[in-house]
Every structure is written in structure tokens, then in C-alpha cells.
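Good morning, and thank you for making time for this item.

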Amino acid sequence: MAPGEIHNTDNAETSNAHAAVIARRCEPFRKKFEELETKFDNDAKKERKAPTISRYPLYSHQTSPEIKPRLVSIGPFFHGEKDLEKMQGIKDELMFDLLSRKHASLLLPKLMEKITELQEKAKQCYSGNIKLGDDAFAQMLLVDSCFIIRFLISLISQETHASLLSLDWNNKEIRSDLLLMGNQIPLFVVHNVYIIIQKSSEERKLPKDFNEIVGQFMRMDISWGVSHNALSSCRIADHLLDLYWLCFMPDETELEERLQQRVNAPLRGDGYIYTPVGATRSIPSATELNRVAGVIFKQDKSSSIELHRGDGVILKQDKSSSIELHRPDGVKFEQDKSNSIELHRPDGVKFKQHKPNSIAKFHNGIFEMSSLKVDENMKIILTNLLGYEKNFPLRKRKVSSYILLMDSLINTEEDVALLQESGIIVNALATNLSAAIFFNDIGNMCTVDYANHRFAKLFDDVQKHYESKLKRTLASLRRDYCNSAWARISVAAAIILLLLTVAQTILGSVQTQYTIHPKH
């Protein structure tokens with residue numbers, strides 16, 4: 001064999017060996033791709049929808065402790081955990097009470113038949129693997145649905161079962177557990193169970209409309225009110241947290257879009273949106289806005305809010321500009337709020353609580369915001385709403401936009417004090433510093449499209465006002481010369497004295513002219 005032929009043979013063998021290495025390394029991926037192709041084809045045939053219930057984002061576990069139920073597990077993710085076992089027996093008692101002793105054995109087969117019918121559809125709502133078998137999963141759906149219904153009924157009827165009373169609970173712990181991101185069951189399951197129970201109920205007359213028993217639950221922590229249209233969205237909401245998201249900052253466009261499209265899953269993120277250079281990413285704090293630019297915050301006298309606390313206290317603010325604390329024992333405490341309805345601070349700050357569903361607006365230096373109660377329950381709710389929105393397109397993250405606004409306004413405990421003094425927030429945490437830390441921490445978790453989020457225009461308007469030299473000059477004059485009652489009196493006296501001096505000068509000039517040139 002000629003030397004050239006030997007050389008060509010060696011090259012061919014080397015090339016073949018190299019191709020074999022490449023093929024061997026690619027083989028595992030080919031198998032995975034074939035498996036995924038089969039999976040996607042099967043999902044398409046089944047018309048499988050994207051999951052709507054998932055655990056809280058893993059990367060947020062360290063910074064968000066408000067993600068695990070404290071008392072009750074709902075759904076498969078926390079089912080069977082030891083520290084929640086006590087509730088399972090309570091759930092059985094409440095289910096028996098809901099079905100009524102006379103009809104429990106008759107209703108049970110009907111309910112289980114409906115659950116079995118909905119089981120596969122319900123499974124598709126969860127992301128990740130469900131460790132429960134089919135029987136355990138169906139039983140869990142039924143028991144948890146009955147628990148939710150029984151608890152919601154207790155909110156509208158003031159009827160509390162002995163099992164709940166025996167634990168000496170505060171119902172706000174249960175309320176917050178029912179709004180955890182990974183602690184959900186599909187709302188269509190709960191609704192179908194309720195329909196069967198309502199039609200069969202004789203001893204306990206239940207409302208025909210499922211919205212009625214859900215409505216009170218939604219209103220208890222949303223202090224600026226919930227619209228009828230938002231509450232009627234039970235039929236399009238995926239679960240209780242999703243319904244709360246729809247009600248928290250009602251958007252008629254969002255409701256209409258959801259209703260028309262019959263969205264089967266939360267909208268997935270639409271990729272990174274490049275923020276224009278000129279987009280306002282943040283605004284100065286509340287105290288800074290007032291001190292430097294003279295921003296005025298006012299509270300609307302005509303607004304009326306009712307804040308429900310877990311210990312039975314109801315904070316009710318009406319047109320009389322006062323807050324009454326109604327305790328279960330009938331004792332009332334009234335706090336004078338006249339200083340927050342039309343509060344004139346030395347620095348010129350005024351706050352106005354805006355009308356329901358108009359969460360915040362800014363116009364001509366006046367900042368109007370709806371009131372928000374900040375307590376441990378609301379911390380949990382906001383944290384889970386924020387986590388839930390991670391599955392949404394940036395343009396639809398309305399709660400993230402609201403938290404971004406609050407984080408911008410609140411940097412220190414002085415900002416909290418200012419907003420609380422004016423009725424914009426009701427701080428039920430231990431200190432104002434605690435509230436400031438919470439909003440600063442949760443604000444770091446927000447991701448929005450800064451050019452198009454819910455309050456983007458408000459951010460721009462506030463920033464323009466803040467940067468205005470005229471506004472800054474006027475604010476400085478008010479701060480330096482009108483910072484107290486005595487200062488205002490002194491300024492008024494000086495103006496009056498100046499006017500009198502001018503008047504005296506004019507009169508003196510006229511008199512002199514008359515003396516020199518007397519009229520004949």
C-alpha cells in the first residue's frame with residue numbers, strides 16, 4: 001500500500017472515531033428529546049392546561065417566611081405534615097357538621113362522584129408531582145372543600161363550630177393560611193361541592209350564590225372595598241388566592257379579558273422588557289416629597305372603610321372623621337381623627353384617603369391614596385400575592401406595582417409615622433420601624449416593567465413635581481416662614497405692617513402734593 005493511501009486510511013479512522021464520540025455524547029439528549037416530544041404530543045391530545053397552583057418560588061424561601069401554613073393545609077403540597085396533623089381531625093368534624101348528621105351518609109356518595117369526575121382536571125392545576133394516590137387525592141379534595149365552605153359560612157353567619165372554639169383560634173391565622181400560594185385547591189372544585197350541599201341543605205339555609213359566602217372573606221382585609229364585578233369573578237378565578245388577586249386592585253379590563261378568554265392558567269412571563277432610559281424607577285419618600293417639593297397628602301372626608309382585625313375588633317371610619325373600635329364584649333373606643341381628615345402640619349403635609357378602587361393618584365401636588373391596614377396577616381397576603389404574580393407578564397403585575405409604590409414612599413419609620421398620622425396606612429405591627437423594614441424587604445422582590453406598570457404615569461408626575469424649582473422654592477418658603485402658628489401670625493403681622501406702611505406713604509405723598517398745590 002502506497003504511503004499516501006496509508007495516510008488517507010488513518011484520517012478516515014480518526015474522523016470515524018471523532019464522529020462516534022460526538023454521536024455517543026448526543027445520544028442522551030436525543031432520548032430526552034424523544035420523550036419530551038411524546039409528552040408534548042400527549043398533552044396536546046389531552047388539551048392539558050398549564051398549572052395554576054405551585055409552591056412559592058424557591059429562591060425566595062430565605063427572605064419570605066410567610067409561605068408555610070401555620071394551622072391548616074389545603075391541597076396536596078403540605079398534606080400530611082406533622083405540625084398540621086391536629087387539623088385533619090378537626091376537618092372531619094367540620095365536614096360532618098356541614099353535611100348535617102341526618103344527610104351526611106346520603107350526600108357523601110353524590111359528593112364523591114362529583115369529585116371523581118373533576119379529579120383529573122384538578123390534578124392538572126398543580127405544578128410538579130403529586131405524591132398522593134388517586135383515592136387519597138380525591139378524599140383530600142372533598143375534605144378541604146368542605147372545610148373552606150364551612151369556614152366561609154362562619155364568617156357570614158357568626159356561627160362558629162365548637163371544634164374551632166376549642167382551639168381558641170383567631171380566625172385571621174386560618175384566613176392567611178387559605179391565601180398561601182402553595183396552599184390551594186381549584187375553586188371550581190369548591191364551587192361544585194357547594195352547589196350540591198346548598199341544594200340538599202334543609203336545617204341550614206345557605207345562599208344560592210357562592211359569591212355571597214366568599215364576599216365577606218375577600219372584604220375582611222381589603223380596606224378600600226371590593227366591587228361587585230370583582231366578587232362575581234368566582235367563576236373565572238383559579239383558586240382563592242387568584243380571586244383575592246382579582247379583588248385586591250380591581251381592574252375592569254382585566255376582568256373582561258379573563259371572562260372573554262376564559263383563561264385556563266395564569267399568564268406566563270413574556271420575557272425581559274427593556275426599560276427605556278427615561279422611565280422612572282422610583283420616587284422620593286413621603287417625608288422627602290413633602291419637605292423638598294411641598295407634596296400634599298389628603299384624606300377624603302366622604303370615604304368610609306371598615307377594617308376587620310383577627311381579634312374581633314372592627315375599625316370603622318365614617319363621615320364623622322372618627323375611628324370606633326368595636327370589641328365583642330360591646331366596649332367601644334373612639335379615637336379622634338380630626339387631625340387626619342384635614343391635617344395641616346408645619347411642613348404643609350395633608351393626606352386624603354381616596355375613594356374605593358382608586359388606590360392612588362397624584363395631581364397638582366396632591367397625593368391621594370386609599371388606606372391600607374398593615375399587620376401580620378397583610379404581610380402574609382402581600383408576600384403571597386407578590387410570589388403569585390411571578391407567573392404573570394410584567395405588564396400585569398399590579399400588586400408588584402403597588403408594593404413598588406409603597407416601598408418608594410416608605411424608607412424610614414418617619415415615613416410610616418407620616419402616612420399613619422394621615423390615615424393612608426393603619427399600622428398594627430409592633431413599631432413603625434417594623435412596617436418600614438417589611439416594605440423595604442418586599443420591595444426588593446418586585447419586578448415590573450418600569451415604563452408600563454400600573455403606577456408608571458403617577459411615578460413620572462411625582463418626579464416632575466419633585467424636580468420643579470418653583471415647587472421647591474414654595475415648599476422652602478412654607479417650611480421656613482410658616483412652620484408654626486406663631487410663625488404664621490408673625491408673617492401675617494409683617495404683611496399687615498408692610499401694607500400699612502405702604503398706605504401711609506401713599507397718603508403722605510398725596511397730602512404733600514395737596515399742600516404744595518392747593519386747589520382753589
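The axes of H4 (residues 134-157) and H8 (residues 210-219) come within 8 Å and cross at roughly 75°. Here axes are lines fitted to C-alpha atoms, for helices over the stretch in contact, and angles run from 0 to 180 degrees between N-to-C directions. From H4, the contact takes in Ile-149, Phe-151, Leu-152, Leu-155 and Ile-156, and from H8 it takes in Glu-212, Ile-213, Val-214, Gln-216 and Phe-217; contact means heavy atoms within 4.5 Å. By class, this contact of H4 with H8 has eight nonpolar residues, one polar and one charged. In that scheme Ala, Val, Leu, Ile, Met, Phe, Trp, Tyr, Cys and Pro count as nonpolar, Asp, Glu, Lys and Arg as charged, and the others, Gly among them, as polar.

Two points about the source. This is a predicted model in which local features need pLDDT of at least 70 and side-chain atom pairs count only at pLDDT 80 or more, while totals for chains, interfaces and linings use all residues. Residues are numbered from 1 along each chain as its sequence is written, and side-chain values use heavy atoms, with hydrogens and water left out.

Now the chain as a whole. Its secondary structure comes to 20 helices and 10 strands, where helices (H or I, at least four residues) and strands (E, at least two) are DSSP runs, numbered from the N terminus. Of the 520 residues, 47% are buried; buried means under 20% relative accessible area, exposed over 50%, and partly exposed in between, with a 1.4 Å probe and protein chains only. The accessible surface comes to about 27300 Å², and 54% of that belongs to carbon and sulfur atoms. These areas come from the Shrake-Rupley method with a 1.4 Å probe; for residues, only the protein chains shown count as cover. Among contacts with a separation of 6 or more, 71% are between residues 24 or more positions apart.

I return to helix pairs. The axes of H2 (residues 85-99) and H3 (residues 104-123) come within 9 Å and cross at roughly 105°. That angle makes H2 roughly perpendicular to H3. Met-95, Phe-96 and Leu-99 of H2 meet Ala-104, Leu-107, Leu-108 and Leu-111 of H3. The residues of this contact divide into seven nonpolar, no polar and no charged.

How do H10 and H15 lie to each other? Their axes, for H10 (residues 240-248) and H15 (residues 398-409), come within 10 Å and cross at roughly 60°. H10 and H15 are therefore oblique to each other. H10 passes H15 in a left-handed crossing; a crossing is left-handed if the near helix is turned anticlockwise from the far one by less than a right angle, and right-handed if clockwise. Trp-245, Leu-246 and Phe-248 in H10 meet Lys-398, Val-399 and Tyr-402 in H15. By class, the contact of H10 with H15 has five nonpolar, no polar and one charged residues.

I turn to single residues. Phe-459 is placed in H18 (residues 456-467) and counts as buried because its relative accessibility is 0%. Not counting residues up to four places away in sequence, Phe-459 touches Thr-280, Arg-281, Ser-282, Ile-283, Leu-404, Leu-405, Ser-408 and His-453. The C-alpha atoms of Phe-459 and Phe-362 are separated by 8.8 Å, although the two residues are 97 apart along the chain.

In H7 (residues 187-200) we find Gln-198, which at 17% relative accessibility counts as buried. Leaving aside neighbours within four places in sequence, Gln-198 is in contact with Leu-206, Pro-207 and Lys-208.

Two loops follow. Is Asn-364 buried or exposed? Asn-364 lies in the loop between E7 (360-363) and E8 (366-369) and, at 65% relative accessibility, counts as exposed. Its phi is near 50°, a positive value in a residue other than glycine. Ser-371, in the loop between E8 and E9 (372-374), is buried, with a relative accessible area of 1%. Ser-371 and Ile-425 are 54 residues apart in sequence and 5.1 Å apart in space, C-alpha to C-alpha.

Finally, H12 (residues 286-293) has as its buried residues Ala-286, Leu-289, Asn-290, Val-292 and Ala-293. Just after H12, Gly-294 takes a positive phi of about 70°.

Definitions and conventions
Angles under 35 degrees count as roughly parallel, over 145 as roughly antiparallel, 65 to 115 as roughly perpendicular and the rest as oblique.
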